[in-house]
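Biologist: I have a model open and would like to learn how to read it feature by feature. Could you walk me through it?

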Amino acid sequence: EEKGWPVGYVDWCGSSKGILRALQVAVEPEMLRGKVGSSLMQIMRQFAVARDLSLIRLTSRVDLQANKFWPTLGFSPTAIFKRKTQRNLPLIEWSLPLLTADATSGVSLV
């Protein structure tokens with residue numbers, strides 16, 4: 001909330017394979033450049049780390065402004081999915097690894 005008004009939410013689920021998948025992310029368009037989106041992602045990241053999940057994934061349509069936001073948080077595009085829908089718009093899959101391979105000690109938090 002911002003000044004008592006709802007401005008965004010994120011719906012996610014964790015898997016036994018160590019992946020947190022954001023099913024839906026919604027932020028009021030005028031709040032996209034503010035702290036709301038970053039705050040929602042930080043809460044999701046904290047949830048994932050606390051539960052030993054190693055990757056956050058989400059998908060978004062190729063025509064959304066949010067696609068400019070994900071790279072600023074460390075997400076990388078990892079796949080494009082073509083869909084047979086009325087709009088015929090592909091989805092971009094975005095991934096944020098929470099662990100990284102370390103040559104000396106094996107694995108570390110990002």
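Biologist: Which residue of E3 stands opposite Arg21?

Modeller: Strands of a sheet pair through backbone hydrogen bonds, in either a parallel or an antiparallel way. Here Arg21 faces Arg57 in E3. Keep in mind as we go that this is a predicted model. The strands concerned, E2 and E3 (residues 55-61), run parallel and are joined by four bridges.

Biologist: In what sense do E1 and E2 pair, and over how many bridges?

Modeller: Strand E1 (residues 8-14) and strand E2 (residues 19-27) are antiparallel, with seven bridges between them. One place to look is Val10, which has Val25 of E2 opposite. The hairpin of E1 and E2 has four residues between the strands, and in it Gly18 adopts a positive phi near 90 degrees.

Biologist: And what lies before E1?

Modeller: Pro6 is in the segment ahead of E1. Its relative accessibility is 61%, so Pro6 counts as exposed. Beyond the neighbours within four places in sequence, Pro6 contacts Glu1 and Glu28. Pro6 and Val27 are 21 residues apart along the chain, with 9.1 Å between their C-alpha atoms.

Biologist: Now the whole sheet. What is the order of its strands?

Modeller: Follow the pairings from strand to strand. The open sheet has five strands, ordered E1-E2-E3-E5-E4, with mixed pairing.

Biologist: How many bridges join E4 to E5?

Modeller: Five, and these two strands run antiparallel. Within that pairing, Ser76 has Ser95 of E5 as its bridge partner.

Biologist: Back to Arg57. How far is Arg57 from Ser95 in sequence and in space?

Modeller: They are 38 residues apart in sequence, while their C-alpha atoms are 4.5 Å apart in space. Their side chains are joined by a polar contact of 2.8 Å. Not counting residues up to four places away in sequence, Arg57 touches several others, among them Ile19, Ala22, Thr78, Glu93 and Trp94. Arg57 is in strand E3, and at 22% relative accessibility this residue counts as partly exposed.

Biologist: Which residues touch the most other members of the largest nonpolar core?

Modeller: Start with the general idea: in soluble globular proteins, nonpolar side chains tend to be buried together. In this model the largest nonpolar core has 22 residues, of which Met41, Met44, Ile56, Trp70 and Phe75 touch the most other members. E2, helix H1 (36-50), E3 and strand E5 (91-97) each contribute at least two residues to this core. H1 gives the most, with five residues.

Biologist: What does Phe75 contact, leaving aside its neighbours within four places in sequence?

Modeller: Phe75 is in contact with Met41, Ile56, Leu58, Trp70, Trp94, Ser95 and Leu96.

Biologist: Which residues share an aromatic cluster with Phe75?

Modeller: Phe69 and Trp70 form one aromatic cluster with Phe75. The structure holds three aromatic pairs.

Terms used. Residues numbered from 1 in each chain as written. Predicted model: local features only at pLDDT ≥ 70, side-chain atom pairs only at ≥ 80, totals over all residues. Heavy atoms only, no water. Phe/Tyr/Trp six-rings, centres within 6.5 Å; stacked < 30°, edge-to-face > 60°. Pairing = 2+ DSSP bridges. Core = buried A, V, L, I, M, F, W, Y, C linked by side-chain atoms within 4.5 Å. Buried < 20%, exposed > 50% of the residue type's maximum accessible area, 1.4 Å probe, protein only. Contact = heavy atoms within 4.5 Å. Polar contact = N/O pair within 3.5 Å; in protein donor to acceptor, adjacent residues only side chain to side chain.
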